[in-house]
Amino acid sequence: MAEKADDQRATISRRELLKRVAFGGAAASVPVKMLAPVGAAPVAPLETLTPQAAAVTSAPEALENLTAVESSTLEAIVARLIPTDNTGPGAAEARAGHYIDRALGGALSASREVYRAGLVAVDRYARSSKGAPFPQLSSQDQDAVLSDMEMNVATGFSPDSSTFFNVVRAHTIQGTFCDPYYGGNANFVGWDLIGYPGVRLAVAADQQRLDARVTPTHRSAYDYTMFSKKKPARARSEGGGMRHGD
């Protein structure tokens, strides 16, 4: 009964997160404290996901700025911060880790050393407290490590664990609900999750009703000519650029 109650609270927390994100707008900055508390609904195994979602989750990522070890730890973290559950896909399917990796070579370049040191500290603390590197822990043990970080009791971080936790959590939210142009929100799963239809250049009267069901455009803002000529800079890999959808 206690386990069922915990799962129910986790679902409610996740739904509250999505409701707040939807209310604030998918493209807006989301305050860090809006994320649901860690600690519960386990990530759905690949066999329970749609074929498309499973392919996104299992496909290896092309690394631009993170090492393979760093990327593995980061992917495991984002998958627990916004987990896949019965309300839909999470940060793993949205490729939030891919967004962070790309941005560390551009808009988030100032955070590169923060991630380098922080991800090492996460694995070190996971080994000391749970006996294995973070990616190898069960979802319950991963949640326990993240909870310790959030409550600032995890050791080995500089300046402290909650600072790094809040950085990763904020960037995970960005990567899940951003415009796909920036490398996250793959296949628009983040926008679909919160019911954001995407940019609409014209809105009919019947689409302005509170109960209107608007068909998603599934287009980046930068797919429109009026915006594409003013694309902002983003991280690029050595030897070439990254196209929309890469």
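Predicted model: local features only at pLDDT ≥ 70, side-chain atom pairs only at ≥ 80, totals over all residues.
Residues are numbered from 1 along each chain as its sequence is written, and side-chain values use heavy atoms, with hydrogens and water left out.

To start with the overall picture, the protein has ten helices and zero strands. Here helices are DSSP runs of H or I with at least four residues, strands are DSSP runs of E with at least two, and both are numbered from the N terminus. Buried residues make up 44% of the 246 residues; buried means under 20% relative accessible area, exposed means over 50%, and partly exposed is in between (1.4 Å probe, protein chains only). Take contacts between residues at least 6 apart in sequence: 65% of them join residues at least 24 apart. A contact, by the way, is a pair with heavy atoms within 4.5 Å.

Now for α6. This helix has 19 residues and reaches 26 Å from its first C-alpha to its last, close to the 27 Å expected at 1.5 Å a residue. That expected span is just 1.5 Å times one less than the number of residues. Among the buried residues of α6 are R112, Y115, L119 and Y125, and its buried residues pack against α3, α5, α7 and α8.

Helix α7 (residues 139-150) has twelve residues and spans 16 Å from first C-alpha to last, close to the 16 Å expected. Its buried residues include Q142, V145, L146 and M149, and the buried set packs against α3 (68-81), α6 (112-130) and α8 (161-177).

So how do α6 and α7 meet? They pack at an angle of about 115°, with their axes 10 Å apart. The axes are lines fitted to C-alpha atoms, for helices over the stretch in contact, and angles run from 0 to 180 degrees between N-to-C directions. On the α6 side, V122, Y125, A126, S129 and K130 meet D141, A144, V145, D148 and M149 of α7. Sorted by class, this contact has six nonpolar, one polar and three charged residues.

Y125 of α6 is a handy residue to look at here. Y125 counts as buried because its relative accessible area is 10%. Leaving out residues up to four places away in sequence, Y125 touches K130, V145, D148, V153, A154, T155 and F157.

The largest nonpolar core has 35 residues, and L74, I77, Y115, F134, M149, F157 and F164 touch the most other members. Such a core is a set of buried Ala, Val, Leu, Ile, Met, Phe, Trp, Tyr and Cys residues joined through side-chain atoms within 4.5 Å. The largest share, six residues, comes from α6. Y115 touches L74, I100, L104, F164, V167, V168 and H171, again not counting residues up to four places away in sequence.

For contrast, T215 sits in the loop between α9 (189-194) and α10 (225-228). T215 counts as exposed because its relative accessibility is 64%.

Note on methods. Nonpolar A, V, L, I, M, F, W, Y, C, P; charged D, E, K, R; others polar.
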